[in-house]
Amino acid sequence: MLVGSPIRVPVQSRYSSLHLVLSLGACTRALKEEKYAARRAILPVIQAEEDERFVKEWKQYLQYEAEVMQYVPGWKVGESVYNSGRWVPPSSGELRPEVW
């Protein structure tokens, strides 16, 4: 073969290469969809575990708040200091009274 001359690929191998690329793309999409389906399936379990952890730590926090604020007149444990009228979970994702 001469240097610089084009490589000639038979027509049949071009189509088989295209078929291979298309089938790999379909396989990749199928794997991604399987991964997302698995995540959607276990999401309720993960959410339930997080809710359980949050309730446990929230109760500990309320006990801590009651202990710290026991001498403050008119203080109600667990009551919001804001007047929004709705409950919003802490944004940090963790309740750690020792840090607050």
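Of the 100 residues in this protein, 6% count as buried, where buried means under 20% relative accessible area, exposed means over 50%, and partly exposed is in between, with a 1.4 Å probe and protein chains only. This is a predicted model, with local features needing pLDDT of at least 70 and side-chain atom pairs counting only at pLDDT 80 or more, while totals for chains, interfaces and linings use all residues. Residues are numbered from 1 along each chain as its sequence is written, and side-chain values use heavy atoms, leaving out hydrogens and water.

Now the rings. The whole structure holds two aromatic pairs. Rings of Phe, Tyr and Trp (its six-membered ring) pair if their centres lie within 6.5 Å; planes under 30 degrees apart are stacked, over 60 edge-to-face, the rest tilted. Phe54 and Trp58 are stacked, at 5.9 Å centre to centre and 15° between the planes. These two are four residues apart in helix H1, so about one helical turn separates them. Phe54 is buried at 18% relative accessible area, whereas Trp58 is partly exposed at 24%. Trp58 also pairs with Tyr61: the centres are 5.5 Å apart and the planes are at 35°, so this pair is tilted. Tyr61 is buried, with 16% relative accessibility.

Last, Tyr82. Tyr82 sits in the segment after helix H1 (11-68) and is exposed, at 63% relative accessible area.
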